[in-house]
Amino acid sequence: MLLGVIADDFTGASDIANTIAKGLQPHGGLRTAQFLGIPTQPSPRDVEAGVVALKSRSVPVEEAVAQSLAALDWLLAQGCQQIVFKYCSTFDSTREGNIGPVAEALAAALGVRGVVACPAFPGAGRTVYMGHLFVQDRLLNESGLQNHPLTPMTDPDIRRWLGYQAKSPVGLVPHGVVRQGDLAIRAALAATENSMVIVDAISDEDLVNIGSAVLGHRLVTGGSGIALGLPANFIKRGLAKGNLGTTNGVEGPEAVLAGSCSGATRGQIDLHKADHPAFAIDVDRVMSGETTSEDIVAFIRSHRGRAPLAYSSATPEDVRDMQAKYGRDVVAEKLDGLFAETARKLVTSGVTRLVVAGGETSGAVVSALDLGALTIGQEIDPGVPVLLSHGEKPIALALKSGNFGSPDFFVKALKRLSGR
């Protein structure tokens with residue numbers, strides 16, 4: 001293994017695994033596997049890039065740091081020459097962490113400074129200019145992310161936001177330097193005394209130049225876009241054979257589970273339920289025990305073959321009301337547990353194609369399924385690939401971050417999961 005990734009949630013892990021497996025022409029990508037949690041066994045020998053998916057984005061800081069350092073130890077034991085700490089392209093974190101503390105702990109363990117921090121993903125409308133993060137044409141704090149139920153992003157200046165979390169000052173490589181190319185970026189990083197450095201990026205070309213500039217750096221941090229230029233560093237030096245192509249899908253019964261409250265996911269739900277059966281999960285009934293995983297499983301099984309959907313998504317106002325009524329963490333834990341148990345029962349009952357929307361929901365689902373290493377298949381939409389397990393009974397998954405995917409994503413994903 002040459003390139004190792006520590007991802008702070010499961011959908012983000014799929015996102016960057018997709019980026020690494022695709023790579024860019026003419027060099028292509030690396031042979032990539034996604035691991036759900038920290039593996040207890042060595043990686044398969046043909047894996048060139050390993051992505052360890054953690055559920056560490058919104059856990060206590062000390063727990064996130066401990067998980068990430070354990071993942072680092074495993075990746076280094078597999079031979080990784082470079083580590084990427086992957087977080088969301090909207091820098092999802094509270095003022096206390098977890099991005100800054102985890103990044104600094106990894107930097108300290110590797111003995112490095114001048115570590116790039118770049119969440120930009122222009123393909124999904126995320127850009128960084130003068131240290132400020134934009135979503136499409138809006139500043140981060142005006143994009144809807146200020147209403148995130150767990151990590152509301154109220155400040156678009158990510159240098160300042162990371163500065164709250166970090167122990168030392170945070171630097172900046174502005175776009176005026178970035179547009180000069182990889183040599184200028186490399187020189188700026190080499191000259192800095194800062195442990196962490198925000199690097200502007202407004203295009204894929206910028207990200208490729210940043211990737212070239214960090215050749216030989218032990219640690220890089222950012223969104224999935226930061227990996228655009230990394231596979232070529234290994235392939236051009238003859239260290240990697242490269243990705244050998246995509247894999248087929250899996251036929252069989254299907255289900256869609258949506259726990260994200262993002263505007264994009266709510267739109268996808270509205271479009272899907274207009275033509276497909278949908279089960280709206282009422283939080284009050286879940287909290288009282290009136291709605292259980294058995295109810296959802298029975299609904300999905302009764303509509304097999306019609307792309308049934310179960311969802312708990314709600315408006316920001318409704319989410320705040322439920323959190324005020326029951327407590328934010330209590331609601332999140334109850335819903336995560338419900339989706340986890342539902343997914344486990346669905347797979348046991350024969351479901352082989354599963355689409356999951358929402359980072360926290362995806363983390364709960366795949367943790368419950370315990371599928372081991374997943375092969376990266378064809379891309380469904382930017383940042384969302386097909387994931388294939390290789391147990392006795394293969395499972396095909398699509399794990400979608402809340403704001404990702406086209407309006408018809410659910411139908412498109414189910415089709416891709418079958419190999420079509």
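Predicted model: local features only at pLDDT ≥ 70, side-chain atom pairs only at ≥ 80, totals over all residues.
Reader: Why is the pair Asp8 and Arg57 called a salt bridge?

Author: The cut-off is a side-chain nitrogen of Lys or Arg within 4 Å of a carboxyl oxygen of Asp or Glu. In Asp8 and Arg57 the closest N and O atoms are 2.8 Å apart. That value is within 4 Å, so the pair is a salt bridge. The pair also links distant parts of the chain. Asp8 is in the loop between β1 (3-7) and α1, and Arg57 is in the loop between β3 (49-53) and α2 (61-77). They are 49 residues apart. Both Asp8 and Arg57 are buried.

Reader: How many salt bridges does a search of the whole structure find?

Author: It finds 21.

Reader: What makes Lys325 and Asp284 a pair that ties parts together?

Author: Start with the distance. Lys325 forms a salt bridge with Asp284, with the closest N and O atoms 3.0 Å apart. Lys325 lies in helix α12 (residues 316-326), and Asp284 lies in helix α10 (residues 283-288). These parts are 41 residues apart in sequence, so the pair ties them together.

Reader: Are Lys325 and Asp284 exposed or partly exposed?

Author: Exposed means over 50% relative accessible area, and buried means under 20%. Lys325 has 53%, so it is exposed. Asp284 has 27%, so it falls in between and counts as partly exposed.

Reader: How do you know that Lys345 and Glu341 are separated by about one helical turn?

Author: They are four residues apart in helix α13, so about one turn separates them. An α-helix has 3.6 residues a turn, so residues three or four places apart point the same way. The side chains of Lys345 and Glu341 meet in a salt bridge, 3.8 Å from N to O. That is within 4 Å, so the label holds. Lys345 is partly exposed at 22%. Glu341 is partly exposed at 26%.

Reader: Why is helix α14 called largely enclosed?

Author: Count the buried residues. In helix α14 (residues 359-369), ten of the eleven residues are buried, so the rest of the structure largely encloses it. Among the buried ones are Gly359, Glu360, Val365 and Leu369.

Reader: What covers the buried residues of α14?

Author: The cover includes α1 (10-22), β2 (32-36), β12 (254-258), α13, β15 (353-357) and β18 (396-400). Just after α14, Asp370 takes a positive phi of about 50°.

Reader: Why is Ser195 called buried?

Author: Its relative accessibility is 19%. The cut-off is under 20%, so Ser195 counts as buried. Its place is in the loop between α6 (182-191) and β10 (196-199).

Reader: What makes Ser195 and Ser168 a polar contact?

Author: Their side chains are joined at 2.7 Å. The limit for the pair of N or O atoms is within 3.5 Å, so the distance passes. Leaving aside neighbours within four places in sequence, Ser195 is in contact with residues including Glu104, Arg113 and Pro169.

Reader: How do you know that Gln165 is buried?

Author: Gln165 has 6% relative accessibility, which is under 20%, so it counts as buried. Gln165 is found in helix α4 (residues 158-165).

Reader: Is Met1 buried or exposed?

Author: Met1 is at 16%, which is under 20%, so it counts as buried. Met1 is found in the segment before β1. Leaving aside neighbours within four places in sequence, its contacts include Phe35, Trp74, Leu75 and Cys80.

Reader: What is the space in the second largest pocket, and what lines it?

Author: The second largest pocket holds about 360 Å³ of space. Of its 17 lining residues, the closest to its centre are Ser58, Val59, Pro60, Arg328 and Asp329. Helix α13 (residues 328-348) gives the largest share of the lining, four residues. By class, the lining has five nonpolar, five polar and seven charged residues.

Technical notes:
Residues numbered from 1 in each chain as written. Heavy atoms only, no water. Helix = DSSP H or I, 4+ residues; strand = E, 2+ residues; numbered from the N terminus. Buried < 20%, exposed > 50% of the residue type's maximum accessible area, 1.4 Å probe, protein only. Polar contact = N/O pair within 3.5 Å; in protein donor to acceptor, adjacent residues only side chain to side chain. Contact = heavy atoms within 4.5 Å. 1 Å grid on protein atoms, 1.4 Å probe; cavity = no way out; pocket = protein on both sides within 12 Å on 5 of 7 lines; lining within 4 Å. Points joined across faces, edges and corners; volume = space filled by probe spheres on them. Nonpolar A, V, L, I, M, F, W, Y, C, P; charged D, E, K, R; others polar.
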